[in-house]
Amino acid sequence: MAVVAGAEEGRRAIDRGATILQLRAPALSAREIEAQVRELVAISYVPVLVSARCDIALACGAAGVNLPERDIPVAGARRLLGDHIVGRSVHSVGAARTAEDEGADFVIFGPVWPSPSHPDQEAQGIDALAALVRAVRLPVLAIGGIDAERARQCLATGAFGYAAITMFK
């Protein structure tokens with residue numbers, strides 16, 4: 001999964017092998033996010049998810065959302081989105097189990113390594129990723145400081161995949 005801030009980044013990420021796009025652009029207004037999502041959906045042959053905005057995902061025909069841990073419950077998003085994809089970013093086994101119980105399709109766990117996009121969050125480490133993968137049944141994506149070598153380490157824990165920002169730029 002490539003986490004992108006706009007349609008142009010999304011286009012480049014697809015060219016670099018991204019299999020899912022997540023638009024995460026907290027500095028943009030709702031109208032600006034909507035415009036970027038519409039463009040991404042129009043150009044993308046991979047699923048497009050919107051960070052934290054069920055309304056925009058529905059309005060633009062996106063595949064679904066990824067919800068930050070402090071966002072609305074997964075069950076609430078599921079009621080809004082029906083069969084669309086609903087993911088949850090988590091920082092603990094407990095939060096991952098809650099997301100699983102509420103019907104999430106996947107969780108993103110991290111940061112596994114220090115991440116420039118979240119400098120205030122302490123890295124969880126590869127062992128914590130492995131423990132979380134064992135604790136839940138749904139797919140787990142790793143995030144935080146991911147590069148090609150670290151992606152291989154994440155997959156070796158049993159993680160389903162990884163999400164990255166700089167790796168796809």
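**Helix α6 and its surroundings**

Good morning. I begin with helix α6, whose buried residues pack against β5 (85-90), α5 (93-101), β6 (106-109), β7 (140-143) and α7 (148-156). Helices (H or I, at least four residues) and strands (E, at least two) are DSSP runs, numbered from the N terminus. Buried means under 20% relative accessible area, exposed over 50%, and partly exposed in between, with a 1.4 Å probe and protein chains only. A contact means heavy atoms within 4.5 Å.

Please note that this is a predicted model: local features need pLDDT of at least 70, side-chain atom pairs count only at pLDDT 80 or more, and totals for chains, interfaces and linings use all residues. Residues are numbered from 1 along each chain as its sequence is written, and side-chain values use heavy atoms, with hydrogens and water left out.

Which residues of α6 are buried? In this helix, residues 126-135, they are Leu129, Ala130, Leu132 and Val133. Seen down the axis of α6, the buried residues fall within an arc of 165 degrees, so they line one face of the helix. The arc is that of the directions from the helix axis to the C-beta atoms. Asp127 and Arg134, on the other side of α6, are exposed.

I turn now to the backbone. Most residues other than glycine have a negative phi, and most peptide bonds are trans. Gly110 and Pro111, however, are joined by a cis peptide bond, with omega about 0 degrees. Pro111 is placed in the loop between β6 and α6. Ala52 is a residue other than glycine with a positive phi, near 65 degrees. Ala52 lies in the loop between β3 (48-51) and α3 (54-60), and counts as partly exposed at 30% relative accessibility.

Finally, the chain as a whole. The protein chain has 7 helices and 8 strands. Its radius of gyration is 15 Å, close to the 15 Å that the globule rule gives for 169 residues, so the chain is as compact as a globular protein of that length. That radius is taken over C-alpha atoms, and the rule is 2.2 Å times the number of residues to the power 0.38. The C-alpha trace spans about 40 × 35 × 30 Å along its principal axes. Of the 169 residues, 45% are buried. Among contacts with a separation of 6 or more, 42% come from residues 24 or more positions apart. Thank you.
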